Amino acid sequence: MATMVSTRPLTKTSPGGGPKIPGPNGNGSKRRGDFRDPESHANRYRIGMWVGLASVAMMFTSLSSAYIVRSASSNDWVSLPLPKVLLASTALILGSSVTIEMARRKLKTALSGPYAKWLFVTVLLGAGFVVAQVFAWRQLARQGIYLASNPHSSFFYLLTGAHAVHLFGGLLGLSFLWLRSHRKLTEPALIAKRKAATDAVSIYWHFMDALWIYLFLLLFLWR
Amino acid sequence: MSETHEGVHRHPAPTGFIRKYIFSIDHKVIGIQYIMLALAAVVVGMLMSLLMRLKLSWPDHKWAILAWLFPTGAPDGVMNPEFYLSLVTMHGTIMVFFVLTTAPQGGFGNYFLPIQIGAEDMAFPYLNMLSFWVTFVGFIAILLAIFVEGNHAIGEWFAALGPSFAGGSGTVGPIGGWTGYAPLSALGKIAGPGQGGGMNLWVISIAIFCVGSLLGALNFITTLLNMRTKGMTLMRMPLTCWAWFTTAVLALLSFPVLLGGGILLLLDRIAGTSFFIPGGLYVSGLLSGTNPNFPLHTGGSPILWQHLFWFFGHPEVYIAILPGMGATSHILATFARKPVFGYRAMVFAIFAIGLLGFFVWGHHMFISGMSPYSAIAFSVLTLSIGVPSAVKTFNWIGTLWGGRIRFTTAMLFAIGFVSLFVAGGITGLILGQSSLDLPMHDTYIVPAHFHLVMGVASIFGMFAATYFWFPKMFGRLMNEKIGRIHFWITFLGVYSIFVPMHVMGLQGMPRRYSQFTEYEFLQTLHPLVIFVSIAAIITIAVQFLFYFNVFWSMFKGEKAGDNPWEATTLEWNTATPPPHDNFAGVLPTVYHGPYEFAVPDAPRDYVMQTDVDVEVPSGNGHDGKH
Amino acid sequence: MGRVLAVIIWIVTLLSVLLFLVGKWWLPAAISDHAPALDRQFMITIIVVGISFTAAQIGLGWMVWKYRDTGKAGDRAIYSHGSNRLEVVWTVITAFVFIALGVMGQSVWASLRLHDAPPGSYTVEVVAQQFQWNFHYAGKDGKFGRSDPSLIDDGTLNFIGLDSSDAAAADDAVTAALAIPVNRPVELRLRSKDVIHNFWVPQLRFKQDLVPGMEIKVHFTANRVGKYELACAELCGQLHFKMKSYMLVLPEDELTALQAMPQEQFQARMGELLAKYPLPAN
């Protein structure tokens, strides 16, 4: 037997120590009782979305830093004039953020109905945004400004294109939510899941909106 | 006995071969798939390094088999310089991405993270499956790069995708090193052989790999934050989980930067942009903008590529080593029969390494032409990142102190990890100083350093993990005798290969030279070159013993119980191999920290995390006060 | 097993250290003014590295030997989760040593890179390409003739695109080897025609990338006459291993005489000097 004498009282459990991280997982979380209640399990969609957005943010950060470095690295920078249709696309995407927020809040009171309607409007506005972007690209092409024409145009097409690709992913998410919204739900687990999925898609969508504003400012205000 | 409670979601176990073994959403199957991918990739990488050693040692020797396999790249059996350089490029790319960034994290992490935290699967099982198959497609793309450059017919056929896609230069892939510096990598075929379609595929493969890694990282982080079982607080997690978590955060934030840089490089190659290509270049007799093969470029910055690449590249090397560190801590404690020394310090050290890892990328670029002031900042930060690594080393030695060490093969490799990590890491003190980098940059002391840490210590971590967890994964033990032979020869072999490279570098042997015949100052190094090659041949050969052990033991190995090593963490509490939902529908509750070995007055010399009836000294046990 | 492992670790450690100590393969003798300070810093660092490496391997081996399980029944390991005090002590000591090394390691860097070449430096323009070096000398007038990529003509061996209509170019010379004065600061203006190369002479303890699109200025002072091999140290294509030249460090009078020669004679004289001076012995 070990000869070591412990001067500390022995207990049955040794708390893991360190700061108590609040969360759904037992031991110290006052908000939730049982470990795997539907709310906390569905939380993974929200957490996952924030985590995923960190990586999207990093990619656009790297492209932004390339933009800034490139603009300073030589004297061939020719700033594009702002295609006016981009003001329309900005308005559309801002509007779509409002509508998706409406949808999200309506979900708290009813599981379908107004929720589905506001989702649908958001999809339309989002699609409208993409159409407006395509108009902008075609307008530039008609002026003879293409991807490799000059560094500013290269970044314009690249940044708006990358944004549009990600936004399209958001449109797919919205459509998926809208299609699923017609199912009637009674199980708490599935209701929690719908709320979490809607929250997650909303977070993504708002991020796409904020990203657009940022890119717009970067491309046309910071020269 | 452990208290348990019901899990939330139950989906039935899959049936049918495809759903069980090919397109599976079970994290255990996906983990094994990643490991298999790495086992295949490492064979390709090792064979490439073998060819490199043959060329360096006997540059004019006519190898008959090469004349047969590679008539263009090795005419008459003598490898030409571009063939050699494509080996360098592909060896690095395949090893760093498809071995060191798959097996430790995607392989063992996928398999054991959910079990060690008491979850039934990852947070997003379908996403997990997607991340493996995306990575697999990336691997196919990089293999395709070999054929597009290596085979004339395929290279011609690929030109249909666009002029920059044409290959057929006879090399076994693109030429650029795994770092692919622009403008060499951006100019296309005019810059020489190996700059054609293979380079496009290299960029594409890496971009695909980025996506696969990001999806995986997302899953790891969400799972760890959301799905720990009751009682599993963050400070009760095994250090393997901390390592996988930090690695996932590093991957999440660094791979997107590589993806951005890769997109810019691809656009320079195929769309005529000038992100990395400056104006006024004169390449292979052509002036920029005067020939259809060389369109006009202006104003791009080659250094920009280096910044973007290394901003990813430095965290990447920590991605490669952190899981091995976690496994080593875990295995050292288990077989020393002692708690990890300084658990909290170890967690902080993992964080510090991860965090500082983002601020030191410029030490790859001291002489690149970037601002010398930033070089000073990067240099001092680089030296400080040695501190948490040293702390971890002290704690590993502290874990062994006072132990009752059992020398299983897993333990041998874990101890080997510590030895090799010290050997490799300590030369970081030299290379991290900007002044000393002036003579050392791009000499063999650099590959000596990074091979010891990445290519050896990291691999030892994986070997240790394999021997350790194999019984849990397959229900059988690996053969210990063969394992010991594998350990001894590999341990001696890797020291023999990489220590001489240090003095080679001091004398001035440059990197990425296909032969050393041109310079007088290198001639006295020849005996060392031969010695290293012979050691490499022996070490590579003995790895096939490991493969034999793995595959033979899967079917014929001695059967293992649930907890053959008398370990404490949750994976040893469940059946061997674990059922589809890991815990047969009843999730464990955790009462203790992960390394409660040698607890005084406990009935056995180990207390499992789920042992509800055993008493352990109070206070958090990690507080370092006893 | 524990004892065997410990002994093997120690033997491997000893052999590794011996490989360094035996000095058979080492940095070549240095010929630049900043080299003594750099070599001193290197020695301090390698001693710290050697001591740390050896101490850690001895410690590892010792633990593995002493604390192997000898099979005595009922024996348990020491139940210890660590020691906060020890953590603080060894973190502080390590941080101090490493950061001190890091700070010390900046002084040579700063002396070379944070200051421009001193006035009166001998300037040479270096233009690298796949796979040769071009050194452009300003000639007697001390002014570099204008060059432009559009004027590059391999047929007439005008590799750097020197503009013959520029008066300052009349006395310029362009050769494949570098000739610099001894004991006088030298400024190199580094350019590249195509991809990244790197100027490297091991005896100089000095290296710098040549980046296309940039003109990078570096300076050093060579203090021993002789001929030294010059290698490219950044992957630039398939003949990277062969992109070789020589650096001649000449007494001032020999260099002045060379400088005064027009292109054709310059070339020939350079050949004579390359034959005259041998490579260093170590």
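In this predicted model, helix α17 (residues 480-507) of chain B and helix α1 (residues 2-21) of chain C have axes that come within 9 Å and cross at roughly 25°. Axes are lines fitted to C-alpha atoms, for helices over the stretch in contact, and angles run from 0 to 180 degrees between N-to-C directions. This makes α17(B) roughly parallel to α1(C), a word used for angles under 35 degrees, while those over 145 count as roughly antiparallel, 65 to 115 as roughly perpendicular and the rest as oblique. The helices, at least four residues of H or I, and the strands, at least two of E, are DSSP runs numbered from the N terminus.

On the side of α17(B), B:Tyr495, B:Val499, B:Pro500 and B:Val503 meet C:Val12, C:Ser16, C:Leu19 and C:Phe20 of α1(C). Contact requires that the C-beta atoms of two residues, placed from the backbone, lie within 7 Å. By class, this contact between α17(B) and α1(C) has seven nonpolar, one polar and no charged residues. Nonpolar covers Ala, Val, Leu, Ile, Met, Phe, Trp, Tyr, Cys and Pro; charged covers Asp, Glu, Lys and Arg; the others, Gly among them, are polar.

The contact between the two chains takes 104 residues from chain B and 91 residues from chain C. Helix α12 (residues 372-400) of chain B gives the largest share of the side of chain B that touches chain C, namely 16 residues. That side of chain B has 62 nonpolar, 32 polar and 10 charged residues.

| Strand order (chain C) | Number of strands | Pairing |
|---|---|---|
| β4-β10-β9-β6-β7 | five strands | mixed |
| β3-β2-β1-β5-β8 | five strands | mixed |

In the sheet β4-β10-β9-β6-β7 of chain C, the edge strands are β4 (178-181) and β7 (206-210), each of which pairs on one side only. The twist of this sheet averages 25° from one strand to the next. Strand β6 (residues 197-201) of chain C pairs with β7(C) in the antiparallel sense over five bridges, and C:Asn198 has C:Asp209 in β7(C) as its bridge partner. Helix α5 (residues 252-259) of chain C packs on the sheet, touching β4 and β10 (245-250) of chain C, and its direction makes about 130° with that of β4(C). Helix α6 (residues 263-276) of chain C lies across β4, β9 (226-232) and β10 of chain C, and runs at about 85° to β10(C).

In the sheet β3-β2-β1-β5-β8 of chain C, the edge strands are β3 (173-175) and β8 (216-221). Strand β5 (residues 185-192) of chain C and β8(C) pair in the antiparallel sense over six bridges, with C:Leu188 opposite C:Val218 in β8(C).

Confidence is given as pLDDT, the predictor's confidence in each residue, from 0 to 100. Chain B has a mean pLDDT of 94, and 97% of its residues reach 70 or more. Residues 1-8 of chain B stay under 50. Chain A averages 84, with 83% of the residues scoring at least 70; over residues 1-34 of chain A the pLDDT is below 50.

Residues are numbered from 1 along each chain as its sequence is written, and chains are lettered from A and ligands numbered from 1 in the order in which they are written. Because this is a predicted model, local features need pLDDT of at least 70 and side-chain atom pairs count only at pLDDT 80 or more, while totals for chains, interfaces and linings use all residues.

Definitions and conventions
Pairing = 2+ DSSP bridges.
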